[in-house]
Amino acid sequence: MLRRTATVAATTLSAVALVLTVALAAQASADPDRAPAAPVDAPDGVAPEMFAALQRDLRLTPAQARARLDVDDRAARVQQVLRATLGARYGGTWVTEPGATVSVGVTSAADADAVRGLGAVPVPVRHTERALDGAVDRLNRRATAAPPAVVGWYADLPGNAVVVLARDGAVPAARSFAAAAGVPAGVLRVQASTEDPKPYADVIGGNAYYTGSSRCSIGFSVNGGFVTAGHCGRAGARTSQPGGTVRGSTFPGRDYAWVQVDAGNTPRGLVNDYRGGTVAVAGSVEAAVGAAVCRSGSTTGWRCGTIQQKNASVTYPEGTVTGLTRSNACAEPGDSGGSWLSGSQAQGVTSGGSGNCSTGGTMYFQPVNAILAAYGLTLVTTGGPEPTPTPTSTGTPPGETTWQAGAAYAAGATVSYAGVSYRCLQGHTAQPGWEPPNVPALWQRV
């Protein structure tokens with residue numbers, strides 16, 4: 001596998017009609033005379049192949065898998081709202097095992113009430129998400145000074161700490177490294193690890209693309225080409241199957257690249273499912289910590305797991321890579337650069353990791369939104385869930401537009417929804433289900 005304040009009243013947020021606690025499906029009845037339950041189909045926008053892989057790798061029934069996907073989708077939405085409304089006080093959002101509850105880190109009683117109003121579970125924390133990310137950044141700036149036995153580091157939202165991974169016997173050295181980087185002892189946790197992460201390369205077989213004799217997996221289509229892992233090839237390198245040129249590549253530091261394909265190649269918003277079909281990509285809404293995630297690669301096909309941590313740093317033989325997401329979905333050499341999805345939403349491209357799909361392991365992916373931002377690219381999407389229909393209005397006042405999912409709204413903008421005017425309180429891109437009456441944290445009725 002060659003291969004990131006406005007104070008909002010709790011009474012306002014409590015009006016948001018989001019139910020974020022979803023019970024797992026009950027076990028089937030043991031009564032032999034009872035008719036079997038009707039089959040549970042994959043939700044709209046989720047490929048049957050991905051739905052099946054989720055059940056296999058997370059050991060879920062179809063009903064449990066569907067409930068899990070619903071919780072993950074809701075967690076992603078509330079994460080966006082709370083990052084905007086709580087600002088510097090936000091402590092992060094994660095899905096609590098076994099995937100039935102959405103939790104949010106809070107630093108004040110007022111924010112706890114607001115989180116409960118959204119249907120999520122507030123968890124008192126000492127450090128905000130920004131504080132944890134700040135500590136990770138300090139370590140990143142001193143990555144070249146990290147002891148060889150330090151495997152990597154990441155922000156652990158549920159644990160409300162920055163974790164430094166070190167091989168046996170290197171814990172004192174890891175603590176000294178963190179102290180020299182300026183990481184406060186109160187936020188640090190050093191953890192012994194047997195990980196031996198490396199970028200995978202030069203494995204033959206599967207549907208992939210090639211840089212010389214080396215094979216990588218395509219990540220996601222963008223206008224003009226596709227994104228993949230940076231260690232798959234340097235800028236200027238030629239690729240084959242499809243033919244193209246690497247226009248941008250970063251590794252180490254980050255692990256991303258984009259390939260501009262030759263004329264005659266058509267980027268499409270699809271991911272190969274390695275079963276003779278494709279999975280549609282509907283967007284790139286970031287999933288929360290704890291959410292289920294599935295990976296597609298040219299060696300091992302579909303493999304699923306959960307998002308364990310974000311803003312992780314890992315030290316490969318070539319150097320440290322920062323800003324990664326950590327997961328327990330397995331991968332093997334040849335999968336590098338491949339696609340990671342949560343439901344129909346693109347999450348990232350495979351970077352590297354430890355282990356394999358026989359014994360399990362820890363994998364890292366580069367978030368796709370960071371790649372798009374770095375190179376000014378636009379994700380190609382197709383076949384996703386249909387936007388929420390816009391209600392028929394009894395008339396739109398002059399200067400207003402009708403609210404529409406997918407539109408970008410700046411603070412102060414006014415829209416009409418079902419004949420009622422609303423003013424935007426916080427700039428955002430509208431998502432299906434975020435109609436103004438449902439999200440008073442973002443919209444105020446005029």
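In which strand does Ala257 lie? Ala257 lies in strand β13, where strands (E, at least two residues) and helices (H or I, at least four residues) are DSSP runs numbered from the N terminus. The model is a predicted one, in which local features need a pLDDT of at least 70 and side-chain atom pairs count only at pLDDT 80 or more, while totals for chains, interfaces and linings use all residues. Residues are numbered from 1 along each chain as its sequence is written, and side-chain values use heavy atoms, with hydrogens and water left out.

**Confidence and overall make-up**

The pLDDT, which is the predictor's confidence in each residue from 0 to 100, averages 83 over the chain, and 84% of the residues score at least 70. Over residues 1–36 the pLDDT stays under 50, and the model has 99 contacts beyond four places in sequence for that stretch, a contact meaning heavy atoms within 4.5 Å. The pLDDT also stays under 50 over residues 383–396, for which there are 26 contacts beyond four places in sequence.

The chain holds seven helices and 27 strands. Of its 446 residues, 53% are buried, where buried means under 20% relative accessible area, exposed means over 50%, and partly exposed lies in between (1.4 Å probe, protein chains only). The accessible surface, computed by the Shrake-Rupley method with a 1.4 Å probe, comes to about 18,100 Å², and 51% of it belongs to carbon and sulfur atoms.

| Strand paired with β17 | Sense | Bridges |
|---|---|---|
| β4 (residues 150–156) | antiparallel | three bridges |
| β16 (residues 292–297) | antiparallel | six bridges |
| β18 (residues 319–327) | antiparallel | six bridges |

Strands β16 and β17 form a hairpin with three residues between them, and Gly297 stands opposite Gly301 in β17. A further hairpin joins β17 to β18 through two residues, and there the bridge partner of Thr315 is Thr320 in β18.

A search of the whole structure finds six aromatic pairs; rings of Phe, Tyr and Trp (its six-membered ring) pair if their centres lie within 6.5 Å, with planes under 30 degrees apart counted as stacked, over 60 as edge-to-face and the rest as tilted. The ring centres of Phe251 and Tyr316 are 6.1 Å apart and their planes stand at 40 degrees, so this pair is tilted. The pair links distant parts of the chain, since Phe251 is in the loop between β12 (244–250) and β13 (256–261) while Tyr316 is in strand β17 (residues 301–316), 65 residues apart. Phe251 and Tyr316 are both buried.

A nonpolar core is a set of buried Ala, Val, Leu, Ile, Met, Phe, Trp, Tyr and Cys residues joined through side-chain atoms within 4.5 Å. The largest such core has 29 residues, of which Met50, Leu54, Phe220, Val227, Val281, Trp302 and Leu341 touch the most other members. Elements that give two or more residues to this core include α2 (48–58), α3 (62–86), β13, β16 and β17, and α2 gives the most, with four residues.

Ala257 counts as buried at 1% relative accessibility. The C-alpha atoms of Ala257 and Val246, eleven residues apart along the chain, are separated by 7.2 Å.

Gln79, which lies in helix α3, is likewise buried, with a relative accessible area of 2%. Its contacts, again leaving out residues up to four places away in sequence, are with Tyr90, Thr93, Glu286, Ala287, Ala288 and Lys310.

**A four-strand sheet**

An open sheet of four strands has the order β22-β24-β25-β27, and its pairing is mixed. Strands β22 (401–402) and β27 (443–445) stand at the edges with a single partner strand each, so one side of each is left without a neighbour in the sheet. Within this sheet, β25 (residues 420–424) pairs with β27 in the antiparallel sense over three bridges, and Cys424 stands opposite Trp443 in β27.

Methods:
Two strands pair if DSSP finds at least two bridges between them.
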